[in-house]
Amino acid sequence: MNSKITRSWSVLLAASVLATAVGCSDNNNNNGQPPPEPPPPVEPELTYDAEVIWTEFGIPHVTADDWGSLGYGYGYAFAQHNYCVVMKEYVK
């Protein structure tokens, strides 16, 4: 029974020494100054460039250099043909 008490005290002592060492460590290499703020993130340029060509049967052909521009062109073509239908569904 005495060894259990001794083991408990040694674990408690080791935990308190570790907590004290971690709590008192000085990882601040700025001579007491707060760490500098990181620079703000660079926001991407949100410009899209797509070309929509309509055939004589009303079929849109969208060409673009990237996926964002392609999605923008597709949305534009969809809105041109279906704006009234979509707004009617939103109102319902």
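Of the 92 residues of the chain, 3% count as buried; buried means under 20% relative accessible area, exposed over 50%, and partly exposed in between (1.4 Å probe, protein chains only). This is a predicted model: local features need pLDDT of at least 70, side-chain atom pairs count only at pLDDT 80 or more, and totals for chains, interfaces and linings use all residues. Residues are numbered from 1 along each chain as its sequence is written, and side-chain values use heavy atoms, with hydrogens and water left out.

**Overall layout**
- The chain has 2 helices and 2 strands. Helices (H or I, at least four residues) and strands (E, at least two) are DSSP runs, numbered from the N terminus.
- Along the sequence, the pattern reads α-β-β-α.
- The accessible surface of the chain is about 8800 Å². Carbon and sulfur atoms hold 62% of that surface. Such areas come from the Shrake-Rupley method with a 1.4 Å probe; for residues, only the protein chains shown count as cover.
- Take contacts (heavy atoms within 4.5 Å) in the chain between residues at least 6 apart in sequence: 14% join residues at least 24 apart.

**The strand pair**
- Strand 1 and strand 2 (residues 60-64) run antiparallel, joined by 5 bridges. Two strands pair if DSSP finds at least two bridges between them.
- V52 has V62 in strand 2 as its bridge partner.
- I53 has H61 in strand 2 as its bridge partner.
- In a regular strand, side chains alternate between the two faces of the sheet.
- The hairpin of strand 1 and strand 2 has 5 residues between the strands. There, G58 takes a positive phi near 85 degrees.

**S69 in helix 2**
- S69 lies in helix 2 (residues 67-91).
- S69 counts as buried because its relative accessibility is 2%.
- Leaving out residues up to four places away in sequence, S69 touches Y48, D49, A50 and A64.

**Aromatic pairs and a surface patch**
- The chain's count is 2 aromatic pairs. Rings of Phe, Tyr and Trp (its six-membered ring) pair if their centres lie within 6.5 Å; planes under 30 degrees apart count as stacked, over 60 as edge-to-face and the rest as tilted.
- Y48 and Y72 form a stacked pair, 5.5 Å centre to centre with 20 degrees between the planes.
- This pair links distant parts of the chain, 24 residues apart. Y48 is in the loop between helix 1 (2-24) and strand 1 (50-54), while Y72 is in helix 2.
- Y48 is partly exposed because its relative accessible area is 42%. Y72 is partly exposed too, at 48%.
- L46, Y48 and Y72 form a nonpolar patch on the surface, with about 370 Å² of accessible area together. Patches are made of residues with over 30% relative accessible area and no salt bridge: like charges are joined within 9 Å, nonpolar side chains (Val, Leu, Ile, Met, Phe, Trp, Tyr) within 5 Å. A salt bridge is a side-chain nitrogen of Lys or Arg within 4 Å of a carboxyl oxygen of Asp or Glu.
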